[in-house]
Amino acid sequence: MEDLDHLLALARAGDEAAREKLLAGCRPFIARVTAGLCRRQLEWGFDDELSVAFITFNEAIDRYQEDRKVPFLAFARLMIKSRITDYLRKEARASVHVAGSFDSEQEDLSGSPFESSLAWQDYLAREATREREEEIRDYARLLAEFEISFSELVRCAPRHQDTRCVLLEVSRCLAAEDFLFEQLTRTKKLPLKELSLLTGVHRKTLERGRKYIIAMALLWRHCQEFLYLCHYLKASGRGD
């Protein structure tokens, strides 16, 4: 899919073709979020929950406020959680466990009236904080599988911006190449020879930046699981 942020900007400016492309490209994301909330497999055209989520995602395009520092997909996910929880309650399926912290506040937090209130803005801020903290914990566990800690990542991060940009681009290439990323996942080692041939970056440079490249590649590859961290990485553009 074309760059999500670019499509989002066009859609919000009234470009219907961009909106349709954004909605089509995000259908897997909408389905995954909704299935996770419903705790079962869902099928387009058969399960009303997906229709509710799709309509909500379309509405989120117009309601998104970039200045709140919440990634668009995270904002859309929160709106979908609210609407699906409300839908399930209205369908007399309140016993379905919904992931996240909506359960304890659901009576007050569902539906458009709430989403138009100041309480929604407060809730959005609290949920964003909670989700960021959860992402950091999950990312730390993922890094640990490659014997990388946050403290090591800080120490090994390139100090010069030019070097960071080079290694960041290498990490993008690694994340985009299925065969190389699978090799990394399986062996927990950076495929130095292949990566050097692919990117043209000297093997010794790759060796020195090994942990940094792995850490960034994991983010790029799992961007939809780490929405806040990837949003910061893209916004900074430097891999700080």
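These exercises, each with a worked solution, concern a predicted model.

## Exercise 1. The overall fold

Determine the secondary structure of the protein chain, its burial and the sequence range of its contacts.

Solution. 
- Start with secondary structure. The protein chain has 15 helices and zero strands.
- Next, take burial. Of the chain's 240 residues, 44% count as buried.

## Exercise 2. The packing of α8 on α14

Describe the geometry of the α8 and α14 pair, then identify the residues that make the contact.

Solution. 
- Take the axes. Helix α8 and helix α14 (residues 210-221) pack at about 130 degrees, with axes 11 Å apart.
- Classify the angle. It makes α8 oblique to α14.
- Assign the hand. The crossing of α8 and α14 is right-handed.
- List the residues. Helix α8 supplies Tyr 139, Leu 142 and Leu 143; helix α14 supplies Ala 215, Met 216, Leu 218 and Leu 219.
- Sort them by class. The contact has seven nonpolar residues, no polar ones and no charged ones.

## Exercise 3. Ala 215 within that contact

Is Ala 215 buried or exposed, and which residues does Ala 215 contact beyond its neighbours within four places in sequence?

Solution. 
- Ala 215 lies in helix α14.
- Read its accessibility. Ala 215 has a relative accessible area of 0%, so it is buried.
- Collect its contacts. Beyond neighbours within four places in sequence, Ala 215 is in contact with Tyr 139, Leu 143 and Leu 153.
- Check one pair. Ala 215 and Tyr 139 stand 76 residues apart in sequence, with 9.1 Å between their C-alpha atoms.

## Exercise 4. Two further helix pairs

Work out the crossing and the contact for α10 with α11, then for α2 with α4.

Solution for α10 and α11.
- The axes of α10 (residues 161-176) and α11 come within 5 Å and cross at roughly 95 degrees.
- That angle makes α10 roughly perpendicular to α11.
- Leu 174, Ala 175 and Ala 176 of α10 meet Asp 178, Leu 180, Phe 181 and Leu 184 of α11.
- The contact of α10 with α11 holds six nonpolar residues, no polar and one charged.

Solution for α2 and α4.
- The axes of α2 (residues 16-25) and α4 (residues 48-63) come within 11 Å and cross at roughly 135 degrees.
- Helix α2 is therefore oblique to α4.
- The crossing of α2 and α4 is right-handed.
- Arg 19, Leu 22 and Leu 23 of α2 meet Phe 54, Phe 57, Asn 58, Ile 61 and Asp 62 of α4.
- By class, the contact of α2 with α4 has five nonpolar, one polar and two charged residues.

## Exercise 5. Positive phi in loops

Locate Glu 147 and Lys 188, and give the phi and exposure of Glu 147 and of Lys 188.

Solution. 
- Glu 147 sits in the loop between α8 and α9 (150-156). Its phi is positive, about 60 degrees, although Glu 147 is not a glycine. Its relative accessible area is 67%, so Glu 147 is exposed.
- Lys 188 sits in the loop between α11 (178-187) and α12 (192-199). Phi of Lys 188 is near 65 degrees, positive in a residue other than glycine. Its relative accessibility is 30%, so Lys 188 counts as partly exposed.

## Exercise 6. A serine in α12

Is Ser 196 buried or exposed, and which residues does Ser 196 touch, not counting those up to four places away in sequence?

Solution. 
- Ser 196 belongs to helix α12.
- Buried means under 20% relative accessible area. Ser 196 has 19%, so it is buried.
- Ser 196 touches Val 201, His 202, Arg 203 and Leu 206, with residues up to four places away left out.

Terms used
Residues numbered from 1 in each chain as written. Predicted model: local features only at pLDDT ≥ 70, side-chain atom pairs only at ≥ 80, totals over all residues. Heavy atoms only, no water. Axes fitted to C-alpha atoms, helices over the stretch in contact; angles between N-to-C directions. Helix = DSSP H or I, 4+ residues; strand = E, 2+ residues; numbered from the N terminus. Parallel < 35°, antiparallel > 145°, perpendicular 65-115°, else oblique. Left-handed = near helix turned anticlockwise from the far one by under 90°. Contact = heavy atoms within 4.5 Å. Nonpolar A, V, L, I, M, F, W, Y, C, P; charged D, E, K, R; others polar. Buried < 20%, exposed > 50% of the residue type's maximum accessible area, 1.4 Å probe, protein only.
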